[in-house]
Structure formats: C-alpha cells, structure tokens
Amino acid sequence: MRKVIGDKLEGYDYGWFGSLRANGQGRHELLENDYLRKSFHELLPKVRNAGTEKQALELARELFERAVSIRGVKQATPTRFRAIYRPDLFFSVNNPSLQRLSLLFGISEAELKRWEGYAQALQMIWRAKWYRSSRPPGDEEGRAWDARVALLRSEEHTSE
C-alpha cells in the first residue's frame, strides 16, 4: 500500500503519477481503514478487467463515492489508484495538477474534484482523436500509448 501511495521506500520513489504523501488524514485512512482498503481490493480488479469504457466508468464512480465518503479522503486518492490500474482510461487529479487540468478541460477546479466534473473530463479525453488512435508499433511508443491518459498530468515537473 505504501508503494501505491507513492512513498519513498528503500531509496526508490514510488511517486508514479503523483503521490499521496502529503495527504495526511487520507493517507492514514488508506493504511488503517479496513472499509476503504476492502473497497479498493474489491473494485480495482473490476475496473482493470472492465470490458468497456462505460463499465469502467460505472465501477470508477462507485469507487470514487466510497472513497470520498470517508473523512479526510479527497479525489486524489481514488483517481490515483485508477490511473495506476487503468492508465489507458484514467488520470490522477491532485492539488499540484488541479489548476492546469482545469485550464486544459475548461472545467472549474471545484468541479474537477467532484465525480461529475472528473467524468466530464474523461468523456472529453475518450472522444479525442489522439485517444482513439491506433497503438504505435514500437515497444517504447506502445508503452506510452498504453498509459496515454495517466500521462496527462499537466503538472510542472520539478527536481525533488
């Protein structure tokens, strides 16, 4: 769980697609709340194995609503987990990326933090020509294509 949260362990930074290290109460809930952990264990494999975007979206909504119903857990937690499990469909919304994602999609920051705004942004991505393109033949390009939505972070990269 600490790897998925994005902690630094044994000299390696697991902060793929951002990190939940600064999410105090939410991080604590991920490590200690059995209901939240069971929700992730139950729903993430279903999201990963969903056959259609519509099925994945319905499962993602259920996971989002379960997660943010817990005090201290914000949108960054379920969106990060989904981006890791299905980087072809989902992106992470965290505080560092929120302003730029809002500008990119033309959706307010407050709306992007709620399911409806996030789902609206997903629909925009899933209709985009670059999203619907064919997978490139090369290994490196193919791996990037497989993670094309999760790579949409619109976040400044810093040398931490």
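Which hand does the crossing of H4 and H5 have, right-handed or left-handed? The crossing is right-handed, and the views below show where it sits in a predicted model.

In this predicted model, local features need pLDDT of at least 70 and side-chain atom pairs count only at pLDDT 80 or more, while totals for chains, interfaces and linings use all residues. Residues are numbered from 1 along each chain as its sequence is written, and side-chain values use heavy atoms, with hydrogens and water left out.

**View 1. The whole chain, to get your bearings.** You'll find 10 helices and two strands here; helices (H or I, at least four residues) and strands (E, at least two) are DSSP runs, numbered from the N terminus. Starting at the N terminus, the order is α-β-β-α-α-α-α-α-α-α-α-α. Of the 160 residues in the chain, 47% are buried, where buried means under 20% relative accessible area, exposed over 50% and partly exposed in between (1.4 Å probe, protein chains only). Among contacts (heavy atoms within 4.5 Å) with a separation of 6 or more, 56% join residues 24 or more positions apart.

**View 2. Helix H4 on its own.** H4 covers residues 53-68. Buried in H4 are Ala56, Leu57, Leu59, Ala60, Leu63, Phe64, Arg66 and Ala67. These buried residues pack against helix H3 (34-49), helix H5 (76-85) and H8.

**View 3. H4 crossing H5.** The two axes come within 8 Å and cross at roughly 145°. Axes are lines fitted to C-alpha atoms, for helices over the stretch in contact, and angles run from 0 to 180 degrees between N-to-C directions. A crossing is right-handed if the near helix is turned clockwise from the far one by less than a right angle, and left-handed if anticlockwise. From H4, Ala60, Leu63, Phe64, Ala67 and Val68 meet Pro78, Thr79 and Arg82 of H5. Sorted by class, that contact has six nonpolar, one polar and one charged residues. Here Ala, Val, Leu, Ile, Met, Phe, Trp, Tyr, Cys and Pro count as nonpolar, Asp, Glu, Lys and Arg as charged, and the others, Gly among them, as polar.

**View 4. H4 crossing H8.** The axes of H4 and H8 (residues 115-127) come within 11 Å and cross at roughly 155°. That makes H4 roughly antiparallel to H8 (angles over 145 degrees count as roughly antiparallel, under 35 as roughly parallel, 65 to 115 as roughly perpendicular and the rest as oblique). H4 passes H8 in a right-handed crossing. On the H4 side the contact uses Glu53, Leu57, Ala60, Arg61 and Phe64; on the H8 side, Trp115, Glu116, Ala119, Leu122, Gln123 and Trp126. By class, that's seven nonpolar, one polar and three charged residues.

**View 5. Zooming in on Trp115.** This residue lies in helix H8, and at 6% relative accessibility Trp115 counts as buried. Leaving out residues up to four places away in sequence, Trp115 touches Leu57, Ala60, Arg61, Phe64 and Arg82. Trp115 and Ala60 are 55 residues apart along the chain, with their C-alpha atoms separated by 9.4 Å.

**View 6. Ser102 in helix H6.** Ser102 sits in helix H6 and, at 13% relative accessibility, counts as buried. Beyond its neighbours within four places in sequence, Ser102 is in contact with Ile107, Ser108, Glu109 and Leu112.
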